[in-house]
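Opening the notebook on a new model today.

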Amino acid sequence: MKDNMDEIPSGGIGIKIIGKIADELSYTRTSGGRNCLLMVKYYQPGLVQPQHSNPAGFVKRAIGVLNFNRLEKQRNRQSDPSSNQHLQKFSLQLNTDIKAVAQVLEWVEQLDRLPIPEAVLHQCKLAVIEGFTNAVRHAHKNRPLETPIELEITVFYQHLEIKIWDEGKPFDLKAKLEEELAEEKSLFNCNDLGFMLD
């Protein structure tokens, strides 16, 4: 692994990956003057969920994230009291150091022992890594190494909540996702994808 975060190519894929994985996504300023990235991923315990590899999948997913809409099944799950059953909560605080990715990887391995579908596990691990590296690379750029980044994963019976707090300048997540969506849209002819974008 390279030691200098500026030497690691970013290519702007972090927010694309997070947008593709999360069923709900927000980035808000907290009362303590920090920012909180919240990613929610729903799943049905014991089911294997297919991973979407087609390029149109990101476009469809980003539209849902931008509108903060969930699938009807997800709405029904949330009304079920067992879906809000808290199973486990994990927390970690790290310095703003790209080398700490190894610690983040080790930390998220705790999820392996919980009843989470394997595909969801892999997606959430990737989202945590991308969220952490985005905080290091963007939110905390030019900040002291000692500037903390806090990570938290709360596992419920039918969903995960991932929170990442940073102390950087806030940004407009919706605008960034729309920018990424526009880039993605330009790669495809929307009529060929079977839906229209407004």
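What pattern does the protein follow, read along the sequence? I get α-β-β-α-α-β-α-α-β-β-α-α, with 7 helices and 5 strands in the protein. Helices (H or I, at least four residues) and strands (E, at least two) are DSSP runs, numbered from the N terminus.

Ground rules for myself: this is a predicted model, so I take local features only at pLDDT of at least 70 and side-chain atom pairs at pLDDT 80 or more, while totals for chains, interfaces and linings use all residues. Residues are numbered from 1 along each chain as its sequence is written, and side-chain values use heavy atoms, leaving out hydrogens and water.

I looked up burial next. Of the 198 residues in the protein, 44% are buried (under 20% relative accessible area; exposed is over 50%, partly exposed in between; 1.4 Å probe, protein chains only).

Then I went to helix H4, residues 101-108, where Val-101, Val-104, Trp-107 and Val-108 are buried. Down the axis of H4 they fall within an arc of 120 degrees, so they line one face of the helix (the arc is taken over directions from the helix axis to the C-beta atoms). Their cover includes strand S3 (86-95), helix H5 (118-139) and strand S4 (148-156), with contact meaning heavy atoms within 4.5 Å.

Last, the rings. I find 1 aromatic pair, counting Phe, Tyr and Trp (its six-membered ring) with centres within 6.5 Å; planes under 30 degrees apart are stacked, over 60 edge-to-face, the rest tilted. Tyr-27 and Phe-171 have ring centres 4.5 Å apart and planes at 45 degrees, so the pair is tilted. Tyr-27 sits in strand S1 (residues 24-29) and Phe-171 in the loop between strand S5 (159-166) and helix H6 (173-187), 144 residues apart. Tyr-27 is buried at 14% relative accessibility, whereas Phe-171 is partly exposed at 39%.
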